[in-house]
Structures are given as C-alpha cells and as structure tokens.
Amino acid sequence: MTDLLYTDVEESLRSSIRSTLQRSLDEGLPARLADEPETDVSGLWRTLTQQLGLAGLLVPESLGGAGASAREAAVVLEELGRAVAPTPFLTSAVIATTVLLVAGDEENLPALASGERTATLVLPWTARRGAWTPVHGSAEPVAGALGADLFLVPIPGEAGGTSLRAYGRDEVELEPITSLDMTRPLARVTLTGAGTEIVSGASADDAVDAALAAGAALLASEQLGLAQWCLETTVQYAGTRTQFARPIGSFQAIKHRLADLYLLLVGTQAAARQAAGTLADGGDAHELSIAQATAQAFCSDAAVHAAEEALQLHGGIGMTWEAPVHTRLKRAKADQLALGTPDRHRSDLAQLVHLPAS
Amino acid sequence: MTDLQQRVEQLLASHDPTTTEPADFLGAQFDAGLAWVHFPEGKGGLSLARGRQLEVDALLEAARAPRPDVARNSIGLGMAAPTLLAYGSEELQQRHLRSLFACTEIWCQLFSEPGAGSDLAAVATRAVPDGDEWVIDGQKVWTSGAHGADFAILLARTDTSVPKHAGMTYFVVDMADPGIEVRPLRQITGEAEFNEVFLTGARVHDGNRVGAVGQGWAVATTTLNNERVAIGAGADREAGQIGLVTERWRTDPSVRTPGTHAELLRWWVETEVTRLAGERLRQSLEAGQPGPESSAMKLAFAHQAQKVSGFALELAPEEGLTYHDWTMVSPERGSFLGHGPGYRYLRAKGNSIEGGTSEIMRNVIAERVLGLPPDHRPDKGIAFKDVPR
C-alpha cells in the first residue's frame, strides 16, 4: 500500500517553501494581477528556483536537477496552491518537464532544471490523458505560455502520427486571454516558425499523455493546499467574528458546515496523496490511472466547495475585492476545469473499473 | 522471514487451523502475542506498532485460520479490550482479555439511557458504594447484543454533587447478575438487535471498577474513540454497500441507465476516497491511540452506507419493493450487509445514530479537531443534581 503520509523531508521542504512564500509573495498580488496583468512576477519564481531548486525538482541529478519524486512535487503544489502563487511550477516544472523526460530529450532539460528557461505544453488547458488532438496552427486556452521561453507542441506529423516539436519564443505568437484566474493566465498560442522535432509517433503521444497524467495527479495537491487554506482561514474568522454576543463559530449552523468541510478535506488529502504516491512509486499503470482519475474527480469539486464555503461563511467580507477569498475561488474553479473536468474523469473511471454506461 | 512471521508460522504449526476448535486457536493466538501486537506481552501482544497486526492477519487469513467473531463481539474486541488495557487493573486484564479475544466471553455496552443519548455525560444510573461492592440502579437503552452478552461495560453516576463530567465511574458488569433484566427493543428492520436493560439493585465488586472513582468520562472517551475506529475501518476497494451495487451493475445490463450511471460513478469515487482516507488514518494511527479524527471516518461511512443502500433499491426497483422477512427475531450478531436490499437500506439508517449521531460527530470535529469555540451550555460547571432535567 502506498505511503499516504508525509516524510520528515517532505515536511521540511514544506516549511521552507511556506516561509519563502511568506517573505517573497505580497498577499495582495494575486488580486492585483486582474488589474495589472503586465505585472512582472518572474522574481518570485527566480527566488523559489534559486533558493529551493524547485524548477529542477523532477529532473535527474545527472541533468542538473534534484532527482526528487512526485511526492515532493505534490508538497510544493500544496504550498503554491495555498498561496495561489503565480508561478510556472505546474506547467513548466511538472508538465513540460515530464514531456521532455518521457520523450528522452536531454538537450532542453538542464536549462529548465536550473530555472534559466521555462517551458509549457501547448494544448488547451482542459486536455487530459487520451483526450487531446494535435495542434493545427494554434491552440487556446494555453496555461503557462505567457512568460515561457520554450513551447512543446504536438502537431500532426507528415506520416500521419503526432510530431512533438519544440518552438522558441520567436517561433510563436502569444495573445493573452482575460482569464477567470489571472494568477495562472491563459493565452492563445499561434505557431509561426517550424520548430524542432523531439520525437514522433507513439513516443510523442506517450510523452504528452504521461505529462497530462502527471499534471492531473499533482493538480490534486494544489487543490488540497488551496482547500486547506480556505478551511483554516474560515475557522479562524468564525472564531473571531462576533454576532449575537458570541463568536459565530460557536453556532452549530457554522460548526457543522466547517466539520463537513474538514471531512471533505480528509478525503481530499487521502486522494491527493494516493495520486502523488502511486505516481512516485511508478507501479502498475492501471492502478496509477485509477488513482489519478479518482483524485481529479474528487479533489476538483472539493476545492471549489471549500472556496464557496469560505466565501459564504465570511459573509459580506468574503464578497469584497479586498478580502483574499475570491482569489481562491477563481483558482479553484479554474482548476476544476483544468486537465479534465470531474465528469470527464468519472467517464475515464467507468472504463478503468469496468462500470460501462450501457 | 521476520520474527513476527516466524511466530505466526509456529502458531500455525502447533495449532492446525483447520482442525483446532476456534476458541482454542484464538486462545493460542492470544498467548503467542498475536491477538493485538500493539498490546504488551502477556496481554495478547508483543509491544509492536499497531499497524503490524495487518501482517499477522494477512498470514492467518491465508492459512484460513479461525478469526474472532467481530460481528458478534464487536463491543468486547473493539471497545472493552482497548479500554481495559488503558485503564483496567492487572486482575481485570488477566481475567478478561484472553476469553474476550477467544470470544468465549461476549460483551455489550451499557452507556446510553433514555435521558442520556447524545448528551452521554448526563447518565443518571446510580452506583452507590456498599462495603466493597457497588449497588447499581437505573435503565440503559439501545444495548446491542445484551441478550447474548456475558459481560458489559457500564457508565454510572457515583457523585451527583459535582458537574456531570466529573461524577461518573466506569465498571465491568456480569450480565448474569439477578438484578439485570434485558428486554428486546424491536427496530425498523423488524429485528431486535438492541435492548433495554434494567438494573435493579445489581451488585458489582469494587475490583470490577475500571479507572478511578469519578474518572468514568475519560475512560468512556477512550472506549468511544475506539468504537469510532472500529465502525469506520474498511480496507478493500468496493467493500461494503458499493460492492453489492457494482456487482449488480456488472452482471445485469438491464439496470443501466444514464442517470444511474452518473450516480453510480459518484458513489464509486466517494467510497474509494473514503477507503483511502481510512487507510491514511490507519497509517497515522499505527503508533498511537485513535483521536477524535476517527469521528470523521464514521461520518463518511454512515452517509455513504445510507445513500448507496438507498440507491441500490432504485437500481433494481422490482426487487426494491420486496422485503426478505418481517418476523421479529433477536439476532446473535449485527449485520450491515446481510439479508436483502430493503433490510440494508433500513439498517443503514442506524449508522448515523449508533455510536454517536452524525450531528454530535460534527460537534466533536468542530470543537476538538478544528478548535472552534464551544456551544452555549447551560449545565456547565453546575452540580449534576442541580441541572434542570
């Protein structure tokens, strides 16, 4: 059975990231990005990369990375999710990095591992394993494209299969899209150059599928961290906000909702750890897929519910631009739609566990 | 081969699991320290981590060895044993732990009363000292299995002049005492799994007291935390109600509709996630005693058992309209999965009431796990005898 707990090493990684984020991320930044989308946020990523080596976490040491596993990457995502930090960790250090690792490309990985460059997989952000099509000329909405240096694009190959190609910044045109979640802004990516082929055919498909699966598996941990922030912040608020001469958290109407939310997060944490743990263990592919689809089907909705509960239980304050709750709601809702909606992951599960629709 | 595996091999070699009487086999398992490996030596254990019991159980299962009858003796195995270990005297532990594990002693729980349900600390059953004995008078209710029990764990009031939580004491009671009368209580399934128990001048020796006089609430809390683990645990994918539904789905295409498919998958995911959460809780409990976090698992289990068993009726409506048998019986053991779908649907309704209602579980989580401020309690700090009732 996969270890669903956290190791001491993982806990210490968590506290390093949390304290770095507390120092380096202005709490008002996530909301400000809606008004000032041009804000340069690369400094935060540089800090996380230079001080903690996050960019190369999943890259082997021989290629300049840390050689860590999906378990550590999951802990990083929990912390980034809590803070809705605008960083390319998921899109570059997890998804694009997995594309290159599985494709066997060693040329681009050292620059990604050092944080010198960032990359993204150019597919609609709703794509999931086994449910994407090669890009014809342009794709949208693509996450992690704005600010990226390297664009990994599966396009139709000449022989009929997929050609997975790398494009430089000067070989694509980017149009920013006003996004529901401006902390992970989306863009339309149009290919203007020829790019360089990395792999083709089944190897290209495998690399893209593996990257989308890893992204879905670890997105669950981002959702977990975000949901935990919602619960903790709301518990704190309910313990201090007074009405009818009592803290509102002493009313059962509030207590029971927060207890239910806690229960939901107990499940979210287990599902997210199972997805991360099985991905790190690299065991049976079928079990891996079940864990990923289960985690996405569950954690996506859980994070949205956590953010919605946080908003309601904060009352009018929660509805304001000034309070940070809306930044979590926007990320949670966008995450729910990203890398496959819960409904689509349930459809995948129906196949995986032999519960056919008809 | 680890020491633990060697011990299991030795047990199996000296007591052929296929021919040894179950009680004898279980007694030998206890003597070998393989009953609860996290208990101390001489008390059914080896002072190992709690989680290593899984290794033992897997090996014994593979050898088709007799297992303790958990359904019949859930109170003894799941609650009395850990409570006796934590608070019982050496003599009580020696007298009961082995026979309880061998299921030659069946136990029940005398906690709830007509006036003390969710507010368990309001128990009014009195225990009055008389020489080296206590005389017990009162009424208990919802006592599962009292009709077949040899012993009971009892929570009684020993001091009414202090606030309610401070005036209770915990005892082991012999159900054969002439002062104890058990009357069946029929429930919505038609069966009488539980009973009313009347205690009229029942006598308990002071040596059967568990913990100090006035410490009953702390002792009972240990029992209840273990109860919630016992109720909340489950290991295999698709175990429980969901497994019955998925089996039907896979073998009978006539039940498949788009609406039920969507619902089936939702329950599949929820029950799978609860299974993983149970596994995660088990991993974190391996070293220590269960805390209030186990309340969360009970909540999830109750909710899902109720919803999935109700869904099962809709999935096969013609069958759902029937019922296996309304004849009143007092079954030897409780069953969540037995009989027909109608029984399972009705029995599951108790899951959110027995062992602490889901509403009380939510209070426990909110106050003891999340640290939210306590509710307004008019009986706080007031002597039990002065609390309006």
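Which residues in helix H11 (residues 342-352) of chain A are buried?

## Helix H11 of chain A

The buried residues are Pro342(A), His345(A), Arg346(A), Asp348(A) and Leu349(A). Buried here means that 20 or more other C-beta atoms, placed from the backbone, lie within 10 Å of a residue's own. They cover an arc of only 155° around the axis, so they sit on the same side of H11(A); the arc is that of the directions from the helix axis to the C-beta atoms.

What do they pack against? Their partners are helix H9 (285-313) and helix H10 (325-337) of chain A, together with helix H8 (258-285) of chain B. Contact requires C-beta atoms, placed from the backbone, within 7 Å. After H11(A) comes His354(A), with a positive phi near 60°.

## About the model

This is a predicted model, in which local features need pLDDT of at least 70 and side-chain atom pairs count only at pLDDT 80 or more, while totals for chains, interfaces and linings use all residues. Residues are numbered from 1 along each chain as its sequence is written, and chains are lettered from A and ligands numbered from 1 in the order in which they are written. Helices (H or I, at least four residues) and strands (E, at least two) are DSSP runs, numbered from the N terminus.

## A sheet in chain A

In chain A, 3 strands make an open antiparallel sheet in the order E2-E6-E5. Strands E2 (138-143) and E5 (172-177) of chain A are at the edges, each with a single partner strand, so one side of each has no neighbour in the sheet.

E2(A) and strand E6 (residues 186-191) of chain A run antiparallel and are joined by 4 bridges; pairing takes at least two DSSP bridges. Ala143(A) stands opposite Leu186(A) in E6(A).

Technical notes
A residue is buried if 20 or more other C-beta atoms lie within 10 Å of its own, exposed if 12 or fewer, and partly exposed in between; C-beta atoms are placed from the backbone. Two residues are in contact if their C-beta atoms, placed from the backbone, lie within 7 Å.
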